[in-house]
Structure formats: structure tokens, C-alpha cells
Amino acid sequence: MQLRKTLLVGWVSVALLSGCSLFNSEEDVVKMSPLPKVENQFTPTKVWSKSVGDGVGDFYSHLRPAWQDSTIYAADRFGIVKALDADSGKEKWSVNLSEKTGFFSSNRSAQLSGGLTVSGGHVYIGSEKAVVYALNTEDGTVAWQTKVAGEALSRPVASDGLVLVHTGNGMLQGLSESDGKIQWTANLDMPTLSLRGESAPAVAFGAAIVGGDNGRVSAVLMKEGQLIWQQRISQTTGTTEIDRLSDVDTTPVIVDGVVYALAYNGNLVAMDLRSGQVMWKRDVGSVNDIIVDAGRIYMVDQDDRVMALDTQGGVSLWRQSDLLHRNLTAPVLYNGYIVVGDSEGYLHWINTTDGRFVAQQKVDSDGFLSAPIVASDKLVVQAKGGEVYSFTR
């Protein structure tokens, strides 16, 4: 079955990540849970909202905003990138990275994807056209742009003078922060069939830890791009191709020398950072990034259960199952609550102690795909249609 990652947007992403049938008919494989009834203990306050282009539309693209120094940076798939004042939402600058085709023709989409990263004086963003851009934070002008090995589906990560890019064909590349020149390329290997998306690397002690479509987590020496160790956390099992998907598309989390990683059809695993040796594993999977905080792991599994587990062995502390198949975003921890968005445009606020709902609000009819971010004292989230919202609690 010679299906590559680029062919999977239309069916694997929809079938696996939307919770709906391939044909959107009444014969859905799974049903979205009805909206749970929540008696709000408080009402989050909307501070501002601002449109940033047309968002991602029906494309599976996690264009998550970024924040630094009282500025929110956000983009749409077509190529619009904006800098917004974090307090007021007022636009500081706006640039358009779409390709000009002629005086009388419409521009071609830049196909921006994977989310933004801001570090130092640059905003980094990649595209499905295998281009990574560095924009000056001051005015949005392009400092450099580099053609990389494949689609840049995850957000770039800046560390130790490098910009790390994990491409859709299984390559991890280190680019110079100053000029974008490729310093090294590491081949992480990939199977014939995989989900639409890639793990963004986590960095610690001069190493980049990154998940791969082959079910492995790899540690790569950032100085030279050499492989330090690899550990498989997902085995290809099952009778169908979909059952055998083993992607590790979530970003690993490193805390106190322990790497926490999560596969789609695999395990939640704790590994020793130095050796990659598995310390414990739990049979649960997801494509959503996890949170590790104060001895707990917070996650949304592949069926949209929100869960809290203990970091000492993966023991379940609580499970919230009233949002099944509502296509939840990855969770974010804000002011002591877990917050997730869903495909119908609701934000759900959950008590971290027992998993009970504490608030719920309808925000945007286009729904959410990318996770909210915390920007100082504000919660910021971008809807699929491009609208960016800021809330306080």
C-alpha cells in the first residue's frame, strides 16, 4: 500500500482525528458526545479578538500562535502573519508570505503549517512547501528563508544557535539561527503509511529528543546531528493499516532527566534521558501534546478522554470521559485549570484535582484545532477560521 503522508489529509486525518466517517454520512463510525451540561463556577472574560486571515479552513494544520515580550504572533495558512499587542489585540505589523504570480493574478498560498516559534529577534514558521521563514520580530520583514528536506508540519524549535525542523519525510534538520543555512540532516526513517503531522523536538543538555513515524523516540546530538539513542515505544499491531499506525507525533516532555513520550497506537512512556531506557509505560495513545506538571501528566487520548496520571508510574488519577470524539485540542494548564477546545468552538475548563468541569463557553462557530497558549496572565486561542481570542480568569 504505497500511500505517503501527503496523501493522508483527505482520509486518515479525517477518519482518525475527526471521529467521523470518510463520507460524512449518517453512517458515522463513531458519534460525537453531546455537549455536557456544565454549571459554570465562573465566567472567563474575553479581553479581545482579532482576525488573522482565513485561518486553516478544512486543512489539518496546527497553526498555533506564539508569544514573547507582550506580543502575540499568529498566522493563517495562506501566508498572513501578524504581530498583536497582548493586552489590547492591536495590530503591530502584518506581512504576507504568499507567492506573487503576476499583476492580474491572485497570489499562491504559502501553505504555512505547524505553528510559530519566537526566539530572540525572530519569528520562525514552516510551510507545506518545504520552506522555513525567519521574520524579524520588530517589523515582520523576512530575515531569511530556507528550503528544507520536506514539508515542515511541526513548529520549528530554536536552541543553542540552531533552528530545528522535523520534516514530513522523516528528516530532522538543524539550521543556523543567524542565516538559515542547513548545518546537518538526520534521517529518522519513516514507514509507508503515517498520520498527517510530525513531532516537534524537545531539547535538553545539547540533545534534541524527537518522535518519529516509525514508533521510535530518538535523541540527536544538536552540535553535529548524530544519533545518540533510539527507543521504540509503539509496535505495529492489528489487522488493518490504520490499526498498525505507530506514529509518535507528540512533542516529548523532559522533566528532571526523564523523557515523557506518547505514541498514537502505542504507549505513554517514561524514559531515562541519557540512555533512552524505558522506566515505565502505560497502554494509552494520542496525537495531542501532553503536559507534565507537579508530579502529574495531563493528556487527551485518541478517543478524547481527558486524563491525569502520576509521573511515578503512569497510575491513573482521574479520567473525564464526557467529551468523547469531540475532536479536542491538546490541553493547556492555565491558572490551575486544564483547558481544551473542541471542533464545535467550545472551551472546556476542568479542575486539575478531580477532572470535573468548572466552566464551559461557546467561543467560535468554526471550532478549534490548535491548542490554546498561555501569554502571561491571558489565555490565547486561535480558531480554525483565523480569529484569535484572548481571555482572562
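# A guided tour of the chain

Of the chain's 393 residues, 57% count as buried, meaning under 20% relative accessible area, with exposed over 50% and partly exposed in between (1.4 Å probe, protein chains only). This is a predicted model: local features need pLDDT of at least 70, side-chain atom pairs count only at pLDDT 80 or more, and totals for chains, interfaces and linings use all residues. Residues are numbered from 1 along each chain as its sequence is written, and side-chain values use heavy atoms, with hydrogens and water left out.

**Whole chain.** The chain has one helix and 32 strands. Both are DSSP runs numbered from the N terminus: helices are H or I with at least four residues, strands E with at least two. Now consider contacts (heavy atoms within 4.5 Å). Of those with a separation of 6 or more, 47% are between residues 24 or more positions apart.

**Aromatic pairs.** Select the rings of Phe, Tyr and Trp. The whole structure holds nine aromatic pairs. A pair needs ring centres within 6.5 Å, using the six-membered ring of Trp; planes under 30 degrees apart are stacked, over 60 edge-to-face, and the rest tilted.

Select Phe 42 and Tyr 337. Their ring centres are 5.2 Å apart and the planes are at 45 degrees, so this pair is tilted. Phe 42 sits in the loop between helix H1 (12-17) and strand S1 (45-51), while Tyr 337 is in strand S27 (residues 337-341), 295 residues apart. Phe 42 and Tyr 337 are buried.

Next, select Tyr 124 and Trp 144. Here the centres lie 5.9 Å apart with planes at 40 degrees, so this pair is tilted. Tyr 124 belongs to strand S7 (residues 122-127) and Trp 144 to strand S9 (residues 142-147), so the pair ties together parts 20 residues apart in sequence. Tyr 124 is buried at 1% relative accessibility. Trp 144 is buried at 6%.

Go back to Phe 42.

**Charges over rings.** Arg 393 lies over the face of Phe 42, at 3.8 Å from the ring centre. The rule asks for NZ of Lys or CZ of Arg within 6 Å of the ring centre and within 35 degrees of the ring normal. Then select Phe 59 and Arg 77. The charged end of Arg 77 sits over the Phe 59 ring, 3.5 Å from its centre.

**Ile 228.** Select this residue in strand S17 (residues 226-232). Buried or partly exposed? Ile 228 counts as partly exposed, at 44% relative accessibility. Beyond residues up to four places away in sequence, Ile 228 touches Ala 207, Ala 219, Val 220 and Leu 221.

**Second largest pocket.** Select Arg 64, Arg 155, Thr 251, Asp 289 and Ile 290. Of the 25 lining residues, these lie nearest the pocket centre. A pocket is an open set of points on a 1 Å grid over the protein atoms alone, with protein on both sides within 12 Å along at least five of seven lines; lining residues have an atom within 4 Å of a point. The volume is about 630 Å³, taken as the space filled by probe spheres set on the points, which are joined across faces, edges and corners. Strand S6 gives the largest share of the lining, four residues. By class, the lining has 19 nonpolar, three polar and three charged residues. Ala, Val, Leu, Ile, Met, Phe, Trp, Tyr, Cys and Pro count as nonpolar, Asp, Glu, Lys and Arg as charged, and the others, Gly among them, as polar.

Conventions: 1 Å grid on protein atoms, 1.4 Å probe; cavity = no way out; pocket = protein on both sides within 12 Å on 5 of 7 lines; lining within 4 Å.
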